[in-house]
Amino acid sequence: MSYNGDVKVGGRPDVRELPGLTVTKVAVGPYDNNAYVLRCAATGEQLLIDAANEPDRLLDLVGDGPLGRIVTTHRHQDHWQALSQVAKATNAAVVAHPFDAEALPVPVAEPVEDGATVRVGQATLEVIHLRGHTPGSIALLYDAGGELSATPHLFTGDSLFPGGAGNTFGDPNNFKQLMTDLTERVFDRLPDKTWFYPGHGKDSTLGRERPSIPEWWSRGW
């Protein structure tokens, strides 16, 4: 079956083959969080985005292949409830933005800021800092080494969802900051074909969401 990114808690993961990288998406409870295992096609090294919960399930997905890094997209607890267990079992390096690092239950071995790169085997992910949902929220961009024919793939945490920006909890300044970052660092830069993978729920593309940006600004959330 082809990938559609529609996963359910307790259900089967969905797997997508990209140039140089395999993406496995799984939903874990109790908050319907998405976790993503990225595997380098050339080396077999893996990276986990958001050890949200259900550590045994995440470790089963990782299997015997080496897990080099665990990236936490932001400080909220529902995105790191399995972090301690998975990090201890795999000796993977923990990666996060410095602004959110102190809230995590384990030390951050590799602090990253906007424009930094994170490697998984021979593949490279670019860090995009998206301020507003939390001070240190980050997204990860994979563009297959900048190949013009490749579709960019963006892992957005809780900063961008189908239907709008992430929750800024009624703070107008945080909303303005997040929308500005999304506009300048994501929508103005990346093409419509860019596929994005959020921290909860279904995936979407920038092209599908782009026409709604004026509505998001107008409603203020």
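Analyst: We can start with V127, which lies in strand β9. The model is a predicted one.

User: Why is V127 called buried?

Analyst: Buried means under 20% relative accessible area. V127 has a relative accessible area of 0%, so V127 is buried.

User: Which residues does V127 touch, leaving out those up to four places away in sequence?

Analyst: V127 touches V112, E113, D114, G115, A116, V118, I138, A139 and L140. Contact here means heavy atoms within 4.5 Å. As for P191, its C-alpha is 17 Å from that of V127, and the two are 64 residues apart in sequence.

User: What makes T22 buried or exposed?

Analyst: T22, in strand β2, has a relative accessible area of 11%. The cut-off for buried is under 20%, so T22 is buried. Beyond four places in sequence, T22 touches V15, R16, E17, V37, L38 and R39. One of these contacts, V37, is 15 residues from T22 in sequence and 8.0 Å away in space, C-alpha to C-alpha.

User: How do you know that the buried residues of α1 are on the same side?

Analyst: The buried residues of helix α1, residues 55-62, are P55, R57, L58 and V62. They cover an arc of only 160° around the axis, so they are on the same side of α1. The face turned away from that buried side carries the exposed residues D56 and D60.

User: What do the buried residues of α1 pack against?

Analyst: They pack against β2 (21-28), β3 (33-40), β4 (46-49), β5 (67-71) and α2 (83-90). Just after α1 comes G63, with a positive phi of about 65°.

User: How is the packing of α1 and α2 described?

Analyst: Two packed helices are described by the angle between their axes and the distance between the axes. The axes of α1 and α2 come within 9 Å and cross at roughly 40°. The crossing is right-handed.

User: Which residues of α1 and α2 meet, and what classes do they belong to?

Analyst: On the α1 side they are P55, L58 and L59, and on the α2 side Q85, V86, A89 and T90. By class, this contact has 5 nonpolar, 2 polar and no charged residues.

User: What makes a group of residues a nonpolar core?

Analyst: The residues must be buried, of the nonpolar kinds such as Leu and Phe, and joined through side-chain atoms within 4.5 Å. The largest nonpolar core has 25 residues, and those with the most contacts inside it are L38, L47, F155 and Y197. At least two residues of this core come from each of β2, β3, β4, β8 (117-120), β9 (123-129), β10 (138-142) and β14 (195-198). A second, separate core has 21 residues, including I70, L83, V94 and L104.

User: Which residues are in contact with L38, leaving aside neighbours within four places in sequence?

Analyst: L38 is in contact with L21, T22, V23, E45, Q46, L47, I49, V120, L125 and F155.

Methods:
Residues numbered from 1 in each chain as written. Predicted model: local features only at pLDDT ≥ 70, side-chain atom pairs only at ≥ 80, totals over all residues. Heavy atoms only, no water. Buried < 20%, exposed > 50% of the residue type's maximum accessible area, 1.4 Å probe, protein only. Helix = DSSP H or I, 4+ residues; strand = E, 2+ residues; numbered from the N terminus. Arc of directions from axis to C-beta. Axes fitted to C-alpha atoms, helices over the stretch in contact; angles between N-to-C directions. Left-handed = near helix turned anticlockwise from the far one by under 90°. Nonpolar A, V, L, I, M, F, W, Y, C, P; charged D, E, K, R; others polar.
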